[in-house]
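Keep the structure in view while reading.

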Amino acid sequence: HQFKGVKSIKRKFAILLSAMLLTQAICGCGGAAPSATSSASASTGSIASKSSEKAVIVTDEQEFTHENGITRLAKEIYGDLNVEFFVLSEDTQERETQISSLRVEIMAGGGPDGYLLSSPTSNMTFNGEGHPATLFPDVQRTMQAGAFLPLDDYIKESEYLRSEDHFAPVFDTGKTDEGQVVLPITYYASVFLLDKAQLADPDFTPKTWDELVNCEDTAVLKVVRNNLYTWCGAGIPRIADYATEKTILTEENLTAQFENLLAMPASESFDEETALIQSGSYAQTDEGMAYYAQNKDTVNALAIPNTEGGVTAFITSYAAINRNSPKADEVFRFFELLFSDEAQIDTETVNDARGTLLMLGNQNSFLTHKNAYLQPELLESVQSRVNAVRFYSVMDYTIYDTATTLTWEENPDCAAAAHSVIEALQTRLSE
């Protein structure tokens, strides 16, 4: 197939994709997702109730409750959309019920045909209250368990998905010994755009975690402390070896990170913080990318380093196919469009490459495609330092919640808190 005849919808599709591809939409209003009647129909009922003729993809993106730019593009290219979507509810109790039912079906050798999901980023909540249930709490562990279909043969024959066009360290994190089993779509790295004029060292670029936490510039430390949810875990390159089910993160390391956090000064006012941070606080916004490109001589893009001297990237959204699906061909046929040049690159707009970035909860993420951005200087500077990549997991919930609690306590016990986190990690790995 060729992309002839779709230029008229390209710009509209790019904008829609940036707004909704895998937007977690869990910080907004609650309530069950409605059903739709189009060929891109979605439901919150049982998978068994879905059409037996079409492949079913489970997603947490509410835009798939109705026809959207992605489904229209698929129809334009293929002539039909031979998949339908099961959209997880935003209602807490209903979502938990749905996920429980899905797990039963999957464990019985059935379940949906594909998954288009967001990783559980550390600060995800429904209406600001409680972390949402997630189908795969730890994607890397699920990968090792063999739940996903190896996709190497599909990728070799794909017209639209070329793995060499994507940022290898991130894309390769979707591999096991069986090959590529998960397709990372977006990833996150904690980067702040800071006003050089307000920094003690305008070009301060910490190469290690210790260099960051021991710096004497209180302005930098206040930014890090007050934006805990954006960097929490960034100093941790690896939590566990999922192939051997052994922990890598140690109590000693985590205790030190908690102590470093508490030693940082906090901003006394919101105005004090926003005076230093530029363009919506974070580099991974379309405004942030454009702002850096236009003001890079006066802006310091400070990436939070990890304890191994590089930057940790977190995969925030992904696609995978159920290993037991009889309709894998149809699912991959849809998924490969998400990675095409047409979907990820929009050369018709300046500073807005296909909408530039996807929002996931309160996090902003980069696309994996190497050429997704018309002004890639900032992205390239981050990518050059990435030395560790992992999926966000529910353990990030635990780390973030524990760190947040410590900042509230009058007499925090960092060692006890770290022990509790590692104990929870070891329990999860042994389950």
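The report takes the basis of the model, then its parts in turn.

## Basis

This is a predicted model: local features need pLDDT of at least 70, side-chain atom pairs count only at pLDDT 80 or more, and totals for chains, interfaces and linings use all residues. Residues are numbered from 1 along each chain as its sequence is written, and side-chain values use heavy atoms, leaving out hydrogens and water.

Helices (H or I, at least four residues) and strands (E, at least two) are DSSP runs, numbered from the N terminus. Buried means under 20% relative accessible area and exposed over 50%, with partly exposed in between (1.4 Å probe, protein chains only).

## Helix 10

Leu 254, Thr 255, Gln 257, Phe 258 and Leu 261 are buried in helix 10. They sit on the same side of the helix, because they cover an arc of only 160° around the axis (taken from the directions from the helix axis to the C-beta atoms). Glu 252 and Ala 263 are exposed on the face turned away from that buried side.

## The largest core

A nonpolar core is a set of buried Ala, Val, Leu, Ile, Met, Phe, Trp, Tyr and Cys residues joined through side-chain atoms within 4.5 Å. The largest has 42 residues; Leu 254, Phe 258 and Ile 399 are among those with the most contacts inside it. Helix 17 gives the largest share, 7 residues.

## Strand 4

Strand 4 (residues 114-118) has 5 of its 5 residues buried. Gly 114, Leu 116 and Ser 118 lie on one side, Tyr 115 and Leu 117 on the other. Strand 2 runs parallel to strand 4, joined by 3 bridges. Strand 13 runs antiparallel to strand 4, with 5 bridges.

How values were computed. Pairing = 2+ DSSP bridges.
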